[in-house]
Amino acid sequence: MTTSYTLQNNKITHMNDIKLMAERVNLYYGTFQALRNISLGIPERAITAVIGPSGCGKSSFLRLFNRMNELIPYARVEGRVEIGGVSIYEKSVNVVELRKRVGMVFQKPNPFPMSVFDNVAFGPRRHGVSSRSQLEDIVQRSLRQAALWDEVKDKLGQSGLALSGGQQQRLCIARVLAVEPEVILMDEPCSALDPIATLKIEELMRNLSEEYTIIIVTHNMQQAARVSDMSAFLMMDRDRAGILIEYAPTREVFSRPKDRRTEDYITGRFG
Amino acid sequence: MPRETFHKNLRELQDDVLIMGSMVEKALDRAMQALKQRDLELAKQVVTDDNNIDKKRFEIEEKAIQLMVCQAPMASDLRIIVATLSVITDLERIADHAAGNAKIAIMIGDEPPLKPLIDLPRMTEKAIDMLHRSLDAFINHDADAARKIVPEDDEIDNLYNQVFRELLVFMMEDPRTVTRATRLLWVAHNLERTGDRVTNICERVVFMVTGKMEEMGVSTY
């Protein structure tokens, strides 16, 4: 897919490089087809929102990019999925390494039952960092990037589970950032949070998008409109497989969608 | 439809624009009747009724803002509300032009007529017709109908030219007519501006339907 999008907030006014690419992707869970013939390019250092009715394959689409669908038995992917021009479904691809490059944040904050420090240091330790001072640097940098440092700097030894919901979610984002990913996948990251915590995460996403490529799945269309540069609208076809209906800069999708089905969905005429 | 209440409110909002539109059409017509028939009472009525039109405009504006705040409309729904806000501003200005003409009728009072009024009622008739159809296009979401109305503004402009030339001749031939002729010129100018406002409404209808902003029918004046 070629892109010459001028993205939102005047942040990106020239053509953005494509970071992630799906080309004619089909995803099956056993005999059930969850995604049908999806092709699109996700721009680098921008936020792409995936919207659509429940069950249309948004989360399945997201999990294409870190091969998490493989954790589901009988899942099968056809077509090509690329990161930085390289196919990620080749046998030679190290999945652990891939998931370090492509971090993920889930719907419900899921800190490990350990201290704030250890939560953030967990990834780097697994990837071989053992020096205390190096770990301290990483933890501080990641917590700062996740806009959590000021709130937890005096309680790094406390359990991550003792934090508020919004703080826990930012801790999970810090944990992702600690392994220096290139891409962050967010699956409904604010659906369990109150409005203030939600706005904090959204603000954080905007800041992070200066360095990272972010894809967010959200049911909240206002959130997609507020936070994203590009929006992809998926829905189910007759066989309940997810198909891509429209993909364009967010301001276009929410002000003058080209497809009647997008229009009907975002104006609440079906869904 | 999951947002039935919202869409019902949105239809009511558009119906309100039609109600305001018919108030404005009536004001234009009555102001011209008052001028033609030297009916000072009718002229005063038009001036008083203008307050009701202003009130109606604020009422619609308030409803539109409420819908935006509470319903977070998107895409065509948002465009309907944005177009409504713009259309009611034009309607309110047209009503001011009508009230302006009514005030001129009061000013003229029982002065002897300069000439029989022929082209000014024609301009009024044309303006009311265009306004009526532009609001039909608005309520029917018909961009093509709106586009077709715009070139008709030339007819009003041509009549304005004609009135202007005619009044100029009166003034040159007999400077004692300058005051009376100038007043009629103001009336013609108000009607010419009314035509331009209708063009604005048509532009908004096209935007509402297509999402595209188009400058249409650049006026000579």
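**Two chains of a predicted model**

Me: What radius of gyration does chain A have, against the value for a compact globule of 271 residues?
Reply: The radius of gyration is taken over C-alpha atoms, and the globule rule is 2.2 Å times the number of residues to the power 0.38. For 271 residues a compact globule would come near 18 Å, and chain A agrees, having 18 Å.

This is a predicted model, in which local features need pLDDT of at least 70, side-chain atom pairs count only at pLDDT 80 or more, and totals for chains, interfaces and linings use all residues. Residues are numbered from 1 along each chain as its sequence is written, chains are lettered from A and ligands numbered from 1 in the order in which they are written, and side-chain values use heavy atoms, leaving out hydrogens and water.

Me: How many helices and strands does chain B have?
Reply: Helices (H or I, at least four residues) and strands (E, at least two) are DSSP runs, numbered from the N terminus. Along the sequence, chain B reads α-α-α-α-α-α-α. The count is seven helices and zero strands.

Me: How far apart are the end C-alpha atoms of helix H1 of chain B?
Reply: The expected span is 1.5 Å times one less than the number of residues. Helix H1 of chain B covers residues 4–37, so its 34 residues should span 50 Å; this agrees with the distance between its end C-alpha atoms, 49 Å.

Me: What share of the residues in chain B is buried?
Reply: Buried means under 20% relative accessible area, exposed over 50%, and partly exposed in between (1.4 Å probe, protein chains only). In chain A, 56% of the 271 residues are buried. For the 221 residues of chain B, the share is 49%.
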